[in-house]
Amino acid sequence: MISKTMQDALNAQINLEQYSAQLYLAMSAHCDSSSFKGFAHWLRVQAIEETAHAMKLIDFILDRNGKLELQPIGAPPKEFGGVIHVFEKTLDHEKGITGRINSLFELARAEKDHASEITLQWFVSEQVEEESSVGQIVDQLHAVGDQGGGIWYLDSKMGKRNRA
Ligand code: FEO
């Protein structure tokens with residue numbers, strides 16, 4: 001059985017993963033409305049991944065006979081600015097998530113909750129991959145700028161992202 005402290009912390013993380021999905025869906029719609037269909041696609045796939053992260057934690061709580069406590073999901077911002085700004089915000093958001101995952105990992109260790117620690121290891125690795133892939137996009141966007149042909153080339157590349 002999972003401890004109440006760990007259960008509360010994981011429930012809070014589920015809400016954050018669901019918020020991440022909301023945020024990326026809103027960003028996706030924003031890019032779509034500027035005809036950046038490739039960036040919109042990439043962000044929509046990311047939103048689906050965030051929902052999958054929430055599901056992974058939901059299944060874990062249920063498998064441990066814990067109590068799932070879903071909370072209202074916060075509304076994402078309504079304005080995002082240009083594509084570079086969208087991906088800079090994405091990188092900032094992912095860095096924040098990494099901090100939360102690391103805190104959860106430390107909590108699992110402090111509680112000697114080995115099962116949670118092992119599950120959270122997957123999230124630690126996932127955050128390395130997410131920060132790396134978003135960081136690469138930010139670098140590429142800075143290199144091409146948000147005017148001219150370069151950004152449309154990147155847009156077509158982003159449109160090729162496979163669904164997980
Ligand atoms: Fe679920 Fe992008 O972290």
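This is a predicted model: local features need pLDDT of at least 70, side-chain atom pairs count only at pLDDT 80 or more; totals for chains, interfaces and linings use all residues.
Me: What does the C-alpha trace span along its principal axes?

Reply: About 55 × 25 × 25 Å.

Me: And how much of the chain is buried?

Reply: Buried residues make up 45% of the 164 residues. Buried means under 20% relative accessible area, exposed means over 50%, and partly exposed is in between, using a 1.4 Å probe and protein chains only.

Me: Take helix 1. Which residues does it cover, and what should it span?

Reply: Helix 1 covers residues 4–33. Its 30 residues should span 44 Å at 1.5 Å a residue, and its end C-alpha atoms are 44 Å apart, so the two agree. The expected span is 1.5 Å times one less than the number of residues.

Me: Asn 15 sits in that helix. Is it buried or exposed?

Reply: Buried, because its relative accessibility is 18%.

Me: What does the side chain of Asn 15 have a polar atom close to, and at what distance?

Reply: A polar atom of that side chain lies 3.0 Å from the backbone oxygen of Pro 72.

Me: Which residues does Asn 15 contact, leaving aside neighbours within four places in sequence?

Reply: Gln 71, Pro 72 and Ile 73. Contact means heavy atoms within 4.5 Å.

Me: What about contacts across the chain? How many join residues at least 24 apart?

Reply: 80%, counting contacts between residues at least 6 apart in sequence.

Me: Back to helix 1. At what angle does it pack on helix 4?

Reply: About 20°, with the axes 13 Å apart; helix 4 is residues 114–144. That makes the two helices roughly parallel. Angles under 35 degrees count as roughly parallel, over 145 as roughly antiparallel, 65 to 115 as roughly perpendicular, and the rest as oblique. Axes are lines fitted to C-alpha atoms, for helices over the stretch in contact, and angles run from 0 to 180 degrees between N-to-C directions.

Me: Which residues meet there?

Reply: Met 6, Leu 10 and Glu 17 from helix 1 meet Ser 116, Leu 120 and Phe 123 from helix 4.

Me: Next, the loops. What is phi of Ser 35?

Reply: Near 70°, a positive value in a residue other than glycine. Ser 35 is in the loop between helix 1 and helix 2, which is 37–63. Ser 35 counts as partly exposed because its relative accessibility is 44%.

Me: And Lys 112: what is its phi, and where is it found?

Reply: Phi of Lys 112 is near 55°, again positive in a residue other than glycine. Lys 112 is in the loop between helix 3 (83–110) and helix 4. It is exposed, with a relative accessible area of 64%.

Me: Last one, Ala 52. Where is it?

Reply: In helix 2. Ala 52 is partly exposed, at 42% relative accessibility. Its C-alpha atom is 24 Å from that of Lys 157, 105 residues apart along the chain.

Methods:
Residues are numbered from 1 along each chain as its sequence is written. Side-chain values use heavy atoms; hydrogens and water are left out. Helices (H or I, at least four residues) and strands (E, at least two) are DSSP runs, numbered from the N terminus. A polar contact is a pair of N or O atoms within 3.5 Å; within protein, one must be able to donate a hydrogen and the other to accept it, and residues adjacent in sequence count only if both atoms are side-chain atoms.
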